[in-house]
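Try each task on your own, then follow the solution step by step.

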Amino acid sequence: MSTTDVSSSGSADVARRTSPRGKTFDPIFEGLCFAAATALLATLGGVLISLFIGGWPALKTFGFGFLTGVTWDPVKDVYGAAGPIVGTLITAAVALLISLPIAGGVAFFLVELCPQSLRRTIGTAVELLAGIPSIVYGMWGLFVFAPFFARTVEAPLITSAAPGSFAEKLFSGIPNGSGILVASIILAIMILPFMAATLRELLMTVPPQVRESAYGLGATTGEVVMKVTLPYVSRGAVGAVMLGLGRALGETMAVTFIIGNSHDFPHGLFDAGSTIASTIANEFNEASGLQASALIALGLVLFLITFIVLTLARLMLRQPARA
Amino acid sequence: MLKTIVGAICGAAMAGASVAASLSGAGATFPAPVYAKWAESYRAQTGNTLNYQAIGSGGGIKQINANTVDFGASDKPLKADDLAQSGLMQFPMVIGGVVPVMNLPGVRPGQLKVSGPVLSDIYRGVIKRWNAPAIAAINPGVALPNMPITVVHRSDGSGTTFLFTSYLALKAPHWASGPGASDSVNWPVGIGGKGNDGVAAFVKQTPGSIGYVEYAYAKQNRMTYAALQNKAGRWVEPTAAAFSAAAAGAKWQSAPGFYLLLLDQAAPDAWPITGATFILVHTKQASSATGHDVLAFFDWSYKNGNAAAEALDYVPMPEPVKALVRRAWLKIVGPDGKPVYR
């Protein structure tokens, strides 16, 4: 945006405000904007309240134990959500760990290094990946990726781990391609295009003068990326990461297919686990009474986790700005 | 909202006597393909349409209780008390069964035998290896590998799991007092696959695994199934005839509200994990015309639906059971207190 743009729109604004038509239109416009914003807030509040009301019977029955208990038993009506909660956090974190470097690499390559002719092709491919429905990722993960991964990665790792070592604990599980790690990898593939596309858009907002001057000072590509463009877009980049993390936390179908759906506390990367979203997807259909309430309470927990993650992201953003 | 729409549709159907009926039902996913097939043929013959939503058995029971549909469907029969309390009646439509399937190199379908208690111990994680003495004792001559057993179960709440766990609870006290019988239970060991396909995929991908799927699914995918010992002491394989035998031999006459699980039936050829899927209707219909149309559809299906059911690997109800159900329909009355269908 150049300064001339601002002044011209400003003068048009003044002209409109002086006309009698503007007088009647402005309050309506303001009212509509206000209504849109409050409708959003009201929806958010409504969801939160109805989740709380729906989940209250379970929360009242189990209290804090709902968050720490590891038993999920629909027959005896005992519900502890520690397994799904930990599963959600681990899969989302591992997915982010895998996809962030790749997304960054894709974005930097597209903006800094890519020949013009290739840029369109890769850019379109990234957007196409983002458009694939999650159930397709789930099917592909279950029928294609899981068996491949079991054969080529899990089985060798499990057999090669020394008995009693940390590796043996980390890689414990059944080598059949279902479990925490495979779910995380599928999640990583799913959130990759969002993060890559957003990061690319962000990097393109860096003014060419800034970048060119850094190159002019003799900086290498790596230095330009790390010291100039990345700090320039850091605020937005955290937003892009949060977008990915938010999707990873809430992703349902693809995870349900491959995580192994065990409510136990996961002990290793190849262990079967569950996430909050997968548990709800699995059981809500046939649930009634306290089980349904426990599932709604799970939804509330996921809501709060997402809220906390977003808040943390805001706080993290604020600190470097002050330093 | 849905209620008003359905109400409007029913109202429209009643308004003009010559207007074709439009019925709605919701519930179990297991029989959905055959209900859809029947509805299609029924419409071609009579012009009456039927809309069935496969939302799960629990959903079907909720919907019929809320009066949003003309009939509900459930894989899990309701007890006579519950039926009386909600003013409902249920009757069996088709038979299905649950089949233990496995991935055991060198073992042919039907070659491996498992009994109820052994199956329970495998699913409790007590029997951990295929060459365990308990399995070897009932499988003389079968080369059992020294392989860890990977247990696979359904992750979603389902009638299949209900039948399977009910069978385990019936045959093994440890299971009854432990995980118990329900749509979804707290599995002591194993991994959960979503739906029959999920279980089948995990079993196929994991050598040494055991799972359980619906009969139609096991048959269509040519999975390696196990032979089970039935109440008569015979080792039986899962075939349409074995399911039919279980349903025919069952004492439907003395089952109030047709509450019958068909598990471990005494008939010599019966497959032990068999179950029927049920239709739920109100005993007091708000409209005689709608009640008549619903029962007319199921009567038509009993008469003309066997071939379609068999083509989809469902087992039709034996004729004597159908006759019993038809007699029970006389208890379904309209607002005037007269039977809606004769």
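**Exercise 1. Confidence**

Find how confident the predictor is in chain B and in chain A of this predicted model, and where to read with care.

Solution. Start with chain B: its pLDDT averages 88, and 94% of its residues score at least 70. Next, turn to chain A, where the average pLDDT is 85 and 91% of the residues reach at least 70. In chain A, pLDDT stays under 50 over residues 1–10, a stretch with 0 contacts beyond four places in sequence. Where pLDDT is low, the predicted coordinates should not be read in detail. To finish, note the scores of the model: ipTM is 0.75 and pTM is 0.81.

**Exercise 2. Two helices of chain A**

Work out how α6(A) and α8(A) are oriented to each other, and which residues make their contact.

Solution. First locate the helices: α6 covers residues 134–160 of chain A, and α8 covers residues 180–204 of chain A. They pack at an angle of about 130 degrees, and their axes are 10 Å apart. Because of this angle, α6(A) is oblique to α8(A). The crossing of the two is right-handed. Now look at the residues that touch: α6(A) brings A:Ser134, A:Tyr137, A:Trp140, A:Gly141, A:Phe145, A:Phe149 and A:Glu154, while α8(A) brings A:Leu181, A:Val182, A:Ile185, A:Ile186, A:Ile189 and A:Met190. Sorted by class, this contact has 10 nonpolar, 2 polar and 1 charged residues.

**Exercise 3. From chain A to chain B**

Decide how α6(A) lies against α9(B), and list what meets there.

Solution. Helix α9 of chain B spans residues 195–205. Its packing angle with α6(A) is about 20 degrees, with the axes 11 Å apart. Angles under 35 degrees count as roughly parallel, so α6(A) and α9(B) are roughly parallel to each other. They cross in a right-handed way. From α6(A) come A:Leu142, A:Phe143, A:Ala146 and A:Pro147, and they meet B:Asp197, B:Gly198, B:Ala201, B:Phe202 and B:Gln205 of α9(B). The classes here are 6 nonpolar, 2 polar and 1 charged.

**Exercise 4. A helix pair in chain B**

Compare the directions of α12(B) and α14(B), then sort the residues of their contact by class.

Solution. Begin with the positions: α12 of chain B holds residues 288–304, and α14 of chain B holds residues 319–328. Their axes come within 11 Å and cross at roughly 165 degrees. The two helices are therefore roughly antiparallel to each other, and their crossing is left-handed. B:Asp299, B:Tyr302 and B:Lys303 of α12(B) meet B:Lys322, B:Val325 and B:Arg326 of α14(B). That contact divides into 2 nonpolar, no polar and 4 charged residues.

**Exercise 5. A sheet in chain B**

Which strands stand at the edges of the sheet in chain B?

Solution. Write down the order: 3 strands form an open sheet, β5-β10-β11, with mixed pairing. β5 (113–114) and β11 (235–236) each have a single partner strand, so they stand at the edges, with one side of each left without a neighbour in the sheet. Finally, check one pairing: β5(B) and β10(B), residues 227–229, pair in the parallel sense over 2 bridges. B:Lys113 has B:Ala227 in β10(B) as its bridge partner.

Definitions and conventions: Residues are numbered from 1 along each chain as its sequence is written. Chains are lettered from A and ligands numbered from 1 in the order in which they are written. This is a predicted model: local features need pLDDT of at least 70, side-chain atom pairs count only at pLDDT 80 or more; totals for chains, interfaces and linings use all residues. Side-chain values use heavy atoms; hydrogens and water are left out. pLDDT is the predictor's confidence in each residue, from 0 to 100. Contact means heavy atoms within 4.5 Å. Axes are lines fitted to C-alpha atoms, for helices over the stretch in contact, and angles run from 0 to 180 degrees between N-to-C directions. Helices (H or I, at least four residues) and strands (E, at least two) are DSSP runs, numbered from the N terminus. Angles under 35 degrees count as roughly parallel, over 145 as roughly antiparallel, 65 to 115 as roughly perpendicular and the rest as oblique. A crossing is left-handed if the near helix is turned anticlockwise from the far one by less than a right angle, and right-handed if clockwise. Ala, Val, Leu, Ile, Met, Phe, Trp, Tyr, Cys and Pro count as nonpolar, Asp, Glu, Lys and Arg as charged, and the others, Gly among them, as polar. Two strands pair if DSSP finds at least two bridges between them.
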